[in-house]
Amino acid sequence: MTDPQVALMMLGLFILFVFLGFPIAFTLMAMGIGFGYYAYFDARRMWRGYNRLEEDAGTWDQWSLWFEGFYNNRVFDLFVNQTFTVMSNEVLTAVPLFLFMGYIVERANIVDRLFSTLNVAAKNVPGSMGVAALITCALFATATGIVGAVVTLMGLLALPAMLKARYNPSFASGIICAGGTLGILIPPSIMLIVYAAATNVSIVRLYAGALLPGFTLVGLYLIYVVGRSILQPSAAPRPTAEEVPDVPMSRLVVMIMTSFIPLAFLILAVLGSILFGLATPTEAASIGALGGIFLAFIYRAMTWQRLRESVYLTARTTAMVCWLFVGSYTFSAVFSYLGGEHVISEFVQSMNLTPVQFLILAQLIIFLLGWPLEWSEIIIIFVPIFLPLLQFFEVDPLFFGILVALNLQTSFLTPPMAMSAYYLKGIAPPEVRLTQIFAGVMPFLFCVILSMILMYIFPQIVFYLPELFYG
């Protein structure tokens, strides 16, 4: 077999092992080292010490020299260098800090206050409880960036309230599933940090570019929720006075000041300090983590147990991301050295695609990969394969990154592998069936596709703010 054929076999085996359920990070490292040993095999370099052996050398000397030569393969140098590169990456330093902020906010008992306040404030809006749940999901998802946590917590909090208010179970489930995924798109998104680290795109420009697409998607969600509530009132009945009591304006202002304003101010402080150049993403993440602790103390929700859980979950998730990067960098380096990227690049270029056709093909592949894989694996492993092609098709990596972030919303919403639906089903009342949840997320899936079409037609949705802020 030629080296490019070995590279393609390497990629095929990796996909097979993923479907078999092997841990992805360790599979990447094992395959990178295994195939790298073949790629960098150089018998003369590895066992050159044999030339210095004396004729009367004993068995022990021969075996020790053999083992020394066995581990003298350059793939081990590559693995160590890639590990050091990942662990010293300043962009990735923001990941644990943003994660810690999210886990602290999740445990600060602020979400139930926020949902109650928005529910009262939006009482006269059609589908008021759904609108309140969606805005709460958007804010909470933006603060945490952890899809499973948002969907689970909002499923425990908002879904029973909407079902009690006679909402259509499918409609209510779709709102929570769709709203819970917004954190991977709207800044300060951890996914965009990982994309920036994998592609060397400016994280500041990525954040600026993601704002308008994120708000566009939220706007489409709200239009659908309100529109369906008007056209089909039985799906979202107006709340009664018992379900949502009338509150004096003075008390409503106090409720907003004590629930909505603190979380919104924390998000704006973190995001604003990044966008206006007042702080690096790492420094802003530090501010966010400190702000999350402060909010937890203000709401009297900070306990030793909750702090310990937040630190543990942060360390576990950060370790997963870092080792994924180590495995991916090693795997990609060997794959490229064997000529795999060159083969894929030549094949795609030979198809004579237009830039729009290339983007559609790339997004279709990422859409399909979203079924078996998490967003982190897609960003770290497969997106770098497309990067050499972006220059050929004259596609801006910033635009491509925002498209990928939008596309990955679909990976959480598309049956049969819609993870947000499974998160919700795990804590939903027994009468809410999985098929109802799947049916509920489909209209929101069309909203995501519509937002991607709008980006294709009007790319300034992505470029306007980066050009306005940074030229």
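In this predicted model, Ser328 is located in helix H15. Ser328 has a relative accessible area of 1%, and since burial is set at under 20%, the residue is classed as buried. Leaving aside residues up to four places away in sequence, Ser328 is in contact with Leu28, Ile380 and Ile381.

Helix H15 spans residues 304-337 and, together with helix H2 (24-39), is among the elements that cover the buried residues of helix H5. Helix H5 comprises residues 74-87, 14 residues in total. The distance from its first C-alpha to its last is 20 Å, close to the 20 Å expected at 1.5 Å a residue. The buried residues of H5 are Val75, Leu78, Phe79, Gln82, Thr83 and Val86. These residues lie on the same side of H5, because the arc they cover around the axis is only 130°. Val80 and Phe84, by contrast, are exposed and are found on the other side of H5.

A further buried serine is Ser229, which is part of helix H12 (residues 203-231). The relative accessible area of Ser229 is 6%, which is below the 20% limit for burial. The contacts of Ser229 are Pro126, Gly127, Phe171 and Ala236, when residues up to four places away in sequence are not counted.

Thr414 occupies the loop that runs between helix H19 (397-413) and helix H20 (419-427). Despite this loop position, Thr414 counts as buried, at 6% relative accessibility. Phe367, Trp371 and Leu445 are touched by Thr414, with residues up to four places away in sequence again not counted. Thr414 was also compared in position with Tyr470: the two are 56 residues apart in sequence, and their C-alpha atoms are 36 Å apart in space.

Definitions and conventions
Residues numbered from 1 in each chain as written. Predicted model: local features only at pLDDT ≥ 70, side-chain atom pairs only at ≥ 80, totals over all residues. Heavy atoms only, no water. Helix = DSSP H or I, 4+ residues; strand = E, 2+ residues; numbered from the N terminus. Expected span 1.5 Å × (residues − 1). Buried < 20%, exposed > 50% of the residue type's maximum accessible area, 1.4 Å probe, protein only. Arc of directions from axis to C-beta. Contact = heavy atoms within 4.5 Å.
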